[in-house]
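Please have a look at the model first.

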Amino acid sequence: MQGFAPRVKAVLGPTNTGKTHLAMERMLAHASGIIGFPLRLLARENYDRMVASKGARYVGLITGEEKIIPPDARWFACTVEAMPLDRHVEFVAVDEIQLCADPDRGHIFTDRLLRARGMVETMFMGAETIRPLIQRLVPDAVIETRPRLSRLYHAGPAKLTRLPPRSAVVAFSAAEVYAIAEMIRRRRGGCAVVMGRLSPRTRNAQVALYQEKEVDFLVATDAIGMGLNMDVDHVGFAGISKFDGHRLRRLTAPEAAQIAGRAGRGMRDGSFGSTADCPPLPDELVRAVETHDFDAIEQICWRNSDLDFSSVDALLGSLLAPPPRRGLVRGNDASDLETLTTLARDADIRAKAQGRRRVRLLWDACQIPDFRKIADDSHAALCARIFNHVADTGHLPVDWIGGQIDRLAKIEGDIDTLMQRLSGVRVWSYIVARDDWVRDAAHWQARARAVEDMISDSLHEKLMHRFVDRRAALLMRRLEEREGQELLSAVTARGEVVVEGHSVGHVAGFSFLPDPAAVGDERRMVMRAARRALGEEMPRRVGRFEAAPDTEIARTPQHRLMWQGQEVARLRPGHSVLRPMVEVIASDFLDGPLRERVRRRCQAFVDAEIATVFAPLFSALEAGRTSPRGRGLLHRLGEGMGIARAEAEDSPAGSPVRLAGGGLAWFLPAMMKPGPMALRAALLALGHGIAAPALPLPSLTALPVEQPWPTGFAAALGWITAGPILLRLDVAEKLAEELRRGTRALGGRMLLPRGLASRLSVKGDALPMVLRSLGFRLIPAPSLGPQEYGPPVPPMLAPLNPGRMRGKAETGQKPKPPRPDSPFATLANYRGSGAKFPAAKLGAGRR
């Protein structure tokens, strides 16, 4: 391919002009051809297209890391660096030829511009800016300018949350790409990620996410500008400065146009603008991009390709030769030259690199790409080791190759770790592609490719997991596509809400609880989808609630009404303690009529529970309505939920209701059972605005007076304060009645029953206070003279108010006299008996 072919053509113009498509058609129309691309990704993508057109038997792929060369191959997709210039083919093409001006890789493109020729046709595709230099350096070239197929216009700044669907956001560092992708995931459902360090397999999987509309956004580095053709409508610049490997600088207008030109494919217009933290694009930059008007390239990078391999110094000298003509300049020192310079300082390397074959071998080793870019001497050391092995034995040790590849065959780690491993695999893919260095090169190429695929798949999954919320992305798209139409939705038996095959949350009672992972815009979108999905489900759910038996509804100590384990309403104090109100919890999914239906069902449950548990009270109140006797007392009994404080004017005689107590309070005995006590506590707590307290065990009759209850709560529950303790009302009334009967029958006094302090769970010195609260006083035993003998005399009990000994005598019920063996005996009887007084036991009377 040396020398000029009869026809050299340059097809120039902005992005989206069909230049690459034209070159592919022209190449496949010839009997053979080679096309060079600036990226391995593009070479692989177009290789797949060529295979689809011509068949794998006739199509080859040649990149630094991958070589697929069938015996009958006639058409080749290559990276520009890997183009086989020694093959004679009818057609040769180089894409993005304006990269001749790139300081790092430009010398490769310039070499192809000057030397790569097809036997029949040669084509260079690129930007209009390189036209003057092509005219000067390749005067025989026919230049064709192609206009853009669609309009590219500036849309101005936009927040990330306001970017239109089918947008690509371009950032210039991995950290920026990750941060923007995270934000888009949270606010817009997710995005695909494209960076230059991705393998073709990972990149294709990410692009497929975008192209198949699983996500509507793409976040990429400026690698997107190199011919990656996707259905992008808008390009948002997250910055206008980049680090080019040497310094931080602003984008040039042609670079910005190359990136912005990804928007709008075919005849569809595209737009561009700034986003995220990027300031508004300068007016002159916007004008240049919109009009495709850029300054022409004045010089391109060149490095001598006619190398002298007679010695290491001669090789270095030829690589550093000055450009031979105007318009050509030296670019930055490439990594191969830097590696050669480093190894040339090694005396052992110099000693071994003798003769043209060894010097060429050294140069080949130095050309191993430094994909890892670790910024230490590890790459130079690797090149030196490979040179030594091949120089000494003619090939690389199999065990060493296997160990190096196996060391990289891991899928653990984060995204950056996997991309670093991919870079290492790419280096070894390049090495094992050299069949003159490696025995059984095909085996090791397959092994390296398998490791790369394994890491690539893992990387794709990690990118998906971190930057894509498929549920949010799908729902967002469905809501836009089916505006005004029903979504495919269902509510499972567990209450999980599924919309378009994705769980978006669950129904709790009559409320919808979105997935807690959904925040921000995603949460609003999930709520929107759920509102559509639950539009018909909620009325059905209310119907099931109305038909549910009372056993499926529960009331909690916090006054909440639960159904199927979820809160549906709360109790509020009503106009009567026996008639609390129901407040249905707020729900965006219950309208007025549905809310009222829920309220009525809850009210029916509460009323039924009160009517059932307080049935004895309601029976007594109903009986009292038919008789005027004791009506006032019964009214107070209703207000106290079965308990009414005793007052002097109370006269229950003749009342149709049989009441207990009367000394301290009146009560219905049935209302002192555990069920009514618990419900009374709950209704009292509701009135106090507190949770229902835990009640003592039914077997307990006395409690310490310090209880965590509001003032008056104990008395309303049915506990009376008796000195240092609380006595249950029915027990206190029963004890007081026994003491009244004893003192009344024995003339106003009686011996203190033995064991009384123990029964009341108080110490002996506290007993006087307890008795005083029950209406009795303790009289110390009289002192006996020395002439009188007998057992010790116990203290005596007497009522505090002998004239007011309310008890069963005042209710028309005749008190029973004490039995002869009763402990209620007079002191005189005790003294005159001459016998030992039996131990007095509290409660020896009728229970």
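The sulfur of Cys301 lies 8.8 Å from the closest cysteine sulfur, that of Cys100, which is too far for a bond. A disulfide here needs two cysteine sulfur atoms within 2.5 Å, and the structure holds 0 of them. Cys366 is in no disulfide either, as its nearest cysteine sulfur, in Cys383, is 5.8 Å away.

This is a predicted model, where local features need pLDDT of at least 70 and side-chain atom pairs pLDDT 80 or more, while totals for chains, interfaces and linings use all residues. Residues are numbered from 1 along each chain as its sequence is written, and side-chain values use heavy atoms, without hydrogens and water.

Several residues discussed here are buried (under 20% relative accessible area, with a 1.4 Å probe and protein chains only):

| Residue | Relative accessible area |
|---|---|
| Cys301 | 6% |
| Cys366 | 1% |
| Trp400 | 11% |
| Trp428 | 4% |

Now to the aromatic rings. Rings of Phe, Tyr and Trp (its six-membered ring) pair if their centres lie within 6.5 Å, and planes over 60 degrees apart count as edge-to-face. The whole structure has 7 aromatic pairs. Among them, Trp400 and Trp428 are edge-to-face, at 5.1 Å centre to centre with 80 degrees between the planes. Trp400 sits in helix α14 and Trp428 in helix α15 (residues 415-432), 28 residues apart; helices are DSSP runs of H or I with at least four residues.

Phe510 and Phe545 also pair edge-to-face, with centres 5.4 Å apart and planes at 75 degrees. Both are buried, and together with Trp563 they form one aromatic cluster.

How values were computed: Buried means under 20% relative accessible area, exposed over 50%, partly exposed in between (1.4 Å probe, protein chains only). Rings of Phe, Tyr and Trp (its six-membered ring) pair if their centres lie within 6.5 Å; planes under 30 degrees apart count as stacked, over 60 as edge-to-face and the rest as tilted. Helices (H or I, at least four residues) and strands (E, at least two) are DSSP runs, numbered from the N terminus.
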